[in-house]
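Student: Hi! Could you walk me through this one?
Tutor: Happy to, let's have a look together.

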Amino acid sequence: MKERTRRPRISPFVMKDLFAWLALGVWWSAMGLAAPPLAAAQTPVAAAETPLANREPLGTAVIFVEDNPAEERDALLHGFAPELTLRELEQMALQYHPALVRAEALVGAAQGRRIQAGFPTNPTIGYDGQQIGSGGRAEQHGIFVEQEFRLGGKRQLDQAVAAREEAVARGDYETRRRQILTEVHIAFHEAAIAMRQKELAKDLVKISSEIERRLAALYQAQEVAKASWLESRLEAEAARLLEAKAEERYAAARRKLATAVGLRDLPPRPLGPEPSDLPEPEDFETLWRRIRPSSPELLRAAREVELARAALRRACAEAIPNLTVQGLVNVMDNGADGTANGGISVSLPVPIFHRNQGAIMQARYEVSAAESAVRELELDLRARLAEVYARYRDARAEAERYQSTILPTTAEVLELTRKSFLAGEVNFTELLLAERSYIEKQSEYLDALRRFRTAEAELAGDLVTVSSTSN
């Protein structure tokens, strides 16, 4: 009988080395999953760096804002202070504005991507069966472990890319924070000025009503013509209509301010007074030297350059093939008298058709585009600064002239004319002209003050909302 040819048996020493290699691979993978990634260790996430680290959870904020009445929310948050100050509104915006909650969530998502990029590839464990259906004469049943090794430092480079993406997300958060604060500043000043316009309209109603009553008495005494009395009634009605419009504008300004803060409505308290100070502006170049290094837009553009460069390094590393190692243990091999044996295979792709040239070319152009974007943004930011700086200086000069000369003069003219009218020294037409001049100059002053505060807020916020708030 012909003797069956036996397959070479693996030495026990080789088997021992194989099992040791498998154990080492499993242990290495487990350690890679348990240990913190390298990039995470290099760029720890400090509590102070996390946006809104001390803010209440989103769910709490939503319940608090939406379900509680305005009076109860006001009592819980701020007590019963007599006025809503700008600083208080800033804190409310930073705590509850949904845009900041969203930006913070995106930072957390980028943080998760960075952490995930630091983990090694999971090993693959499976079953291998050969010569199945041979009637048990040559069947082989084995277990294999396969591990891919990413060569060329790809894991570290992936971490570097993810870390740059996280930095860009943090920059987006800071930009949004600056935008919201600037919008709150502008909306607060608009609402405060609308409140002053409402008070001005009330004063006008008082003056017009007093004149109407005086002329009505004079008309009854047949000392003035009926036309003068009717004209005074028309002026009083016009003043009441102006007061109603001012009330509506103030209500709309409060609603706009609530939106800027991130709430549906504001606590039912009056706003703090609009400051009347007009700070002396810095010169243009001093402002530019301050804004350029702190602009969140420029900082984000610089981070985009770093991200593009990291992506280029990653694209270059992709040309290096990954190594795949597989170890196999045949726990049953009927073709070798049922004794255990094993095998090992090593493979890597052969870069015949491409070496990632297209992706590398794309990444190089993206680096160039990102670098050009920084220079383009610098020019655009300087142009915006020139426009806002001009509005700032013009509005300040106009408001200062009204404060120092025009308003005191018109107020004095109105008071003197009113007294002269009551004394019978001037007619109603002169009083009417003085009254209209007073209201007109007050309105022009408040408009100049509004434009000044808007430009001032844009400069303080490093021009992040210039495109949406310019007037």
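Tutor: A nonpolar core is a set of buried Ala, Val, Leu, Ile, Met, Phe, Trp, Tyr and Cys residues joined through side-chain atoms within 4.5 Å, where buried means under 20% relative accessible area with a 1.4 Å probe, protein chains only. The model is predicted, so local features need pLDDT of at least 70, side-chain atom pairs count only at pLDDT 80 or more, and totals for chains, interfaces and linings use all residues. Residues are numbered from 1 along each chain as its sequence is written, and side-chain values use heavy atoms, leaving out hydrogens and water.

Student: Which residues touch the most other members in the largest nonpolar core?
Tutor: Ile291, Leu381, Leu385, Tyr445, Leu459 and Leu463, out of 35 residues. Helices H9 (284-294), H10 (296-317), H11 (357-422) and H12 (428-460) each give two or more residues to this core; helices here are DSSP runs of H or I, at least four residues, and strands are runs of E, at least two, numbered from the N terminus. H11 gives the most, with 15 residues.

Student: What is Leu459 in contact with?
Tutor: Leaving aside neighbours within four places in sequence, Leu459 contacts Leu287, Arg290, Ile291, Leu385, Val388 and Tyr392, with contact meaning heavy atoms within 4.5 Å.

Student: New topic: what is the strand order in the open sheet?
Tutor: The order is E1-E2-E3-E4, with antiparallel pairing; two strands pair if DSSP finds at least two bridges between them. E1 (124-130) and E4 (341-347) are at the edges with a single partner strand each, so one side of each lacks a neighbour in the sheet.

Student: And how many bridges join E3 to E4?
Tutor: 7. In one of them, Gln326 has Ser345 in E4 as its bridge partner.

Definitions and conventions:
Buried means under 20% relative accessible area, exposed over 50%, partly exposed in between (1.4 Å probe, protein chains only).
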